[in-house]
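This report covers a pocket and a surface patch in one protein model. The sequence and structure come first.

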Amino acid sequence: MKSKHSPPPLEHWIGYRFSRIAARLGNYIAQMYVSRHDLTMPAWRSLAVIARHQPLTATQLGALTSSDPSKVARAIELLVRRGLIRRGVDSADRRRASLGLTREGRKVYREIEKFSVRVEREITNGLSATELAGLRRLLDKLDHRIEDQVRSRGWRDFFDN
């Protein structure tokens, strides 16, 4: 007999579900940008974030992609080498680099964005406008909760001794 306080099965854990959905969707979309543009997943993520938030520094890029510094550095190098981003001097602090898209980078970004939006529309077609708006509100709420209530505390606060 199960206790009242038994943990939910793994398939119901939010992090597990998010991870599976993100991996499945990401791997599907990656097939396109790998075959058409020879980009890695971190490079595509970096390109997308730079497109949305440019100009920004490598540190800001790392925070916005939740990637470790070595992945960010490799992605930046690949994107600069391929001529998709430019690395200039940050006007606020000349010791830092400022990242922005080149004309070719904008072209590649728009093509991948168009494809990704079409895929996202396809997977959300089964949701009503109300359900989709509710999902977005719930995701925002969970994201804020993680930032405000969970990450602000140490992992030990959740550990039973």
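## Nonpolar surface patch

A patch is made of residues with over 30% relative accessible area and no salt bridge, nonpolar side chains (Val, Leu, Ile, Met, Phe, Trp, Tyr) being joined within 5 Å. A salt bridge is a side-chain nitrogen of Lys or Arg within 4 Å of a carboxyl oxygen of Asp or Glu, and accessible areas come from the Shrake-Rupley method with a 1.4 Å probe.

In this predicted model, local features need pLDDT of at least 70, side-chain atom pairs count only at pLDDT 80 or more, and totals for chains, interfaces and linings use all residues. Residues are numbered from 1 along each chain as its sequence is written, and side-chain values use heavy atoms, without hydrogens and water.

I14, F18, L127, L135, L139 and L142 form a nonpolar patch with about 480 Å² of accessible area together. Helices α1 and α6 each give two or more residues to the patch, and the largest share, 3 residues, comes from α6. Helices here are DSSP runs (H or I, at least four residues), numbered from the N terminus.

L135 lies in helix α6. L135 counts as partly exposed because its relative accessibility is 36%, the range being between 20% (buried lies under this) and 50% (exposed lies over this).

## Largest pocket

A pocket is an open set of points on a 1 Å grid where a 1.4 Å probe fits, with protein on both sides within 12 Å along at least five of seven lines; lining residues have an atom within 4 Å of a point. The largest pocket has a volume of about 2400 Å³, taken as the space filled by probe spheres set on the points.

Its lining holds 43 residues, and A22, L25, R45, E120 and L139 lie nearest the centre. Two or more lining residues come from each of α1 (14-37), α2 (41-53), α3 (58-65), α5 (103-124) and α6 (129-150). Helix α1 gives the largest share, 11 residues.

Note on methods
Patches are made of residues with over 30% relative accessible area and no salt bridge: like charges are joined within 9 Å, nonpolar side chains (Val, Leu, Ile, Met, Phe, Trp, Tyr) within 5 Å. Buried means under 20% relative accessible area, exposed over 50%, partly exposed in between (1.4 Å probe, protein chains only).
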